[in-house]
Amino acid sequence: MSDVLAIIYLLASVSFIVGLKMLGSPATARRGNLYAAAGMVAAIFGTIALYRTADGSPLQNLPLIITALVVGTTIGWTMAVRVQMTSMPEMVSFFNGMGGACAALISVIEYTHMTNAQAQGTADGHATASMGYLFAVVGGLVIGSVSFSGSIIAFGKLKEKIKDFRFKGQHFVNMFMMLVIVAASTMLIMGYWSGSEALLILAAIALIYGVMFVLPIGGADMPVVISLLNSFTGVAAAFGGFLYGNMVMLIGGILVGSAGTLLTIVMCKAMNRSLMNVLLGSFGATATPVGGSATFAGSVRPINVGDAAVLLAYAKQVVIVPGYGLAVAQAQHVVHQLEHELESRGVEVKYAIHPVAGRMPGHMNVLLAEADVPYEQLVEMEEINPEFERTDVVLVIGANDVVNPAAKTDPTSPIYGMPILDVENARQVIVLKRSMKSGYAGIENELFYRPNTSMLFGDAKASLTTLLAEVKAQ
Amino acid sequence: MDPSTLQMIYLVVLMVFLGIELIGHVPSVLHTPLMSGANAIHGVVIIGSIIVMGQAETTLALILGFIAVILGTLNVVGGFVVTNRMLEMFKKRS
């Protein structure tokens, strides 16, 4: 490898580290992303121009490589620019899956190349099947494949095209598959099992495992799963780094692997659950939803738009609790207008942001930021919870599990122990909801049956639009 | 163990700690962009696909390599553009 390329790789690695660091603060995040992107571009073109194989020859097939880059850029750019802000989580999952598939393909090609070379008896480059080489090939293949198929399932689940799927003994089947993968990988690495077919069989098992791994996990836990699969792909990329002794792949991959794992754990903590608990799919682990409506005495009380508008217009403090329903209905702009209208009437308005509201941590922040809601008005859970007692009206928009008091009161509830927004302490709670369907965790919400709760049924955007008109008329 | 392998193991261990340190104190507001940014960075796997395609000798290897480069590019370009779009919204406010 040329010294120039080594320096380019070093600079790219630094750009990843600095970029990741800068992504951690709102003021520098955007620049951080651009730095990392610049480092990546340099690494890619440096590789194309300066990379030398073991025997010192430059890379072949350059026109085709450039073509592939152009095709990929066009497709990726178009998808990324066109996607709705509300669909960001599944987009991230999709791109993550592509990275995993890329890592797995590299392994397949490398291994085939090696077995061919062995068959011809040529001692080509790294065709000597050392254990380290096989370790890198098999590792990239298995983790890349799991990441790919898992991400695609997560993508489908967030698009609500794929339903949760569970059967009895699923955990044992999954555990058994995992053991098979570990055993087969070990045999391949040790050289007891070989051939392209062997590798493809292993890839197939890993792909199926990825599907089985994500299928039973409840939709509400998809953010955690995506974050975990994200770190998987990082590790898969690092295996590629091992394979080629390529430092920038190694550094980029491991950084994402470790940072991604920590991020996953932080997310689990926000829900007061362990990673194990999430992965074993405790949400609705039983076939029937927990806590049927029959367990709640009383009935829900619908409210009409006019009454809701009066309550809001004459309140002193209003707290808005956004949830996934807001994202689905694309209601972020209307809610901002409503907030604006209320403020012009002297009402103090804040947004209460639960760490896992929506389908990703920070999902609501991104969404409301799009509608120009000032940063200072978004209040995190710990800060807003003591304020609910002083709040006149809480407007829950398409949020459910994050305001379910069962998390505090019912030890049998699957979300028991998850910190929630204490909206029930407010004088009046108005819940905007499409129907009485339960939330993503599939459990009933006792909040809706409380005497100080009223329900405003309908699409969040439609309801908010009429609500806004009514408030203006007051 | 040969020196270069040892070197890589050193690097892996140090990077694990660095990764943890980098994410340690990030406000939850930025979790989504951060995950998305990290997602783009592991697109560095594309380097491997370029190397493997540049050494492809059979048509099959070339086709698979071609697909791998496209997928890797999707990860890189899509990842960075999506992250930038998310962060653009934070910028508007300040």
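A: Two strands are said to pair if DSSP finds at least two bridges between them, and the elements themselves are DSSP runs numbered from the N terminus, with helices (H or I) of at least four residues and strands (E) of at least two. This is a predicted model, in which local features need pLDDT of at least 70 and side-chain atom pairs count only at pLDDT 80 or more, while totals for chains, interfaces and linings use all residues. Residues are numbered from 1 along each chain as written, chains are lettered from A and ligands numbered from 1 in the order of writing, and side-chain values use heavy atoms without hydrogens or water.

The part to look at is a sheet of chain A, where six strands in the order E3-E2-E1-E4-E5-E6 form an open, parallel arrangement. Strand E3 (378–380) and strand E6 (453–457) of chain A have a single partner strand each, so one side of each edge strand is left without a neighbour in the sheet. Direction ignored, neighbouring strands are turned by 25° against each other on average, with axes fitted as lines to C-alpha atoms (for helices over the stretch in contact) and angles running from 0 to 180 degrees between N-to-C directions. Within this sheet, strand E1 (residues 317–322) and strand E2 (residues 348–353) of chain A run parallel and are joined by four bridges; A:Gln317, for instance, has A:Glu348 in E2(A) as its bridge partner. Helix H17 (residues 460–473) of chain A packs on the sheet, where it touches strand E4 (393–397), strand E5 (428–433) and E6 of chain A, contact meaning heavy atoms within 4.5 Å. The direction of H17 makes about 145° with that of E4(A).

As for the chain around it, an automatic or database assignment divides chain A into domain 1 (1–82), domain 2 (85–286) and domain 3 (293–473). The C-alpha centres of domain 2 and domain 3 of chain A lie 38 Å apart.

The largest cavity is lined by residues from both chains, among them A:Ile109, A:His113, B:Val52 and B:Ala61. Helix H4 (residues 88–120) of chain A gives the largest share of this lining, three residues. The second largest cavity has a lining that includes A:Ala103, A:Phe239 and B:Val45, and its largest share, four residues, comes from H8(A).

Notes
On a 1 Å grid over the protein atoms alone, a cavity is a set of points where a 1.4 Å probe fits but cannot get out, and a pocket is an open set with protein on both sides within 12 Å along at least five of seven lines; lining residues have an atom within 4 Å of a point.
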